[in-house]
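Could you walk me through this model?

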Amino acid sequence: MNEILAIDGGFWNIRDFFYLNRFVDIKTHCSLVQRKNGNFVLLDACTLPPAIKEKVDQLTDGGKRLEAILHLHPFHTVHVENMHKIYPNAALYGTARHISRAPKLPWEKPRTESPELHALFAEDLAFTVPQGVDFISQNENLHFSSVLAYHKASKTIHVDDTLMFSKLPGLLQMVGLKNVLNFHPTLALVLQKRKDAVDEFENWVGELVANWQGAQNLCAAHTAPLLQEALEGVSIAERIERALGEVKWLLAAHRLRYG
């Protein structure tokens, strides 16, 4: 369903339908975050139905306080032009692929995967880009990598395909199965075929866990948000470590082949 979820600390996650082959709803999202200066930034883009757009407009004074739109996933491009049309005064940032797909839009120079962009918003947001894997794969069906963003005030991670939270139906949970946080299943296909790629990926995960260990919420694109009240005593940092443990066999096989 279309909905907007408010998280304490100035974070709103907007959930949207996204149909694959017209029939399968794989969901998508974007997030509105408030900066310390009182203004707002939009992470990614999706459809804003009238009721949700009204809420966003209320928060941002009709878009006047929306400073920027940051497109974080190279392959999430469907709503880029429409979001700019709705909020044309917001500074527009994207990855190299966003810019190549919509070259006529007034893109700002720093790309969202760049340290220059990350420094611009460092007071409110931290960013990280997966290492050891393709960021923009030549195979357009491989959507593992995205720029992950951490909103410090709300302790919330915004992530697109890289991490996925599987929220099981209540009946399955009643028989002992648990909700789980995993890496996107295309990991094996995007690991770079070279020596040290696995080391770089594992080091990146370790830094993610260490730097964002205070995270209390995680909003993922195609599955469901993992909010603080549903952590069940297992922190997001611990869940990411477990997700890494689940792919150790895959990483070992890759290391055996490529070094």
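This is a predicted model: local features need pLDDT of at least 70, side-chain atom pairs count only at pLDDT 80 or more; totals for chains, interfaces and linings use all residues.

Residues are numbered from 1 along each chain as its sequence is written, and side-chain values use heavy atoms, leaving out hydrogens and water.

Let's begin with helix α7, residues 197–211. Helices here are DSSP runs of H or I with at least four residues, strands are runs of E with at least two, and both are numbered from the N terminus. From first C-alpha to last, the 15 residues of α7 reach 21 Å, close to the expected 21 Å; that expectation is 1.5 Å times one less than the number of residues.

Which residues of α7 are buried? They are Ala-197, Val-198, Phe-201, Glu-202, Trp-204, Val-205, Leu-208 and Val-209. They sit on the same side of α7 because their arc around the axis is only 155°, taking directions from the helix axis to the C-beta atoms. Buried means under 20% relative accessible area, exposed over 50% and partly exposed in between, with a 1.4 Å probe and protein chains only. Among the elements covering these residues are β9, β13 and α8.

Now for the pair. Thr-77 lies in the loop between β7 and α2, and it's buried because its relative accessible area is 19%. Beyond its neighbours within four places in sequence, Thr-77 is in contact with Arg-97, His-98 and Arg-101, contact being heavy atoms within 4.5 Å. Arg-101 belongs to helix α3 and counts as exposed, at 51% relative accessibility. Thr-77 and Arg-101 are 24 residues apart in sequence, with their C-alphas 7.8 Å apart in space.
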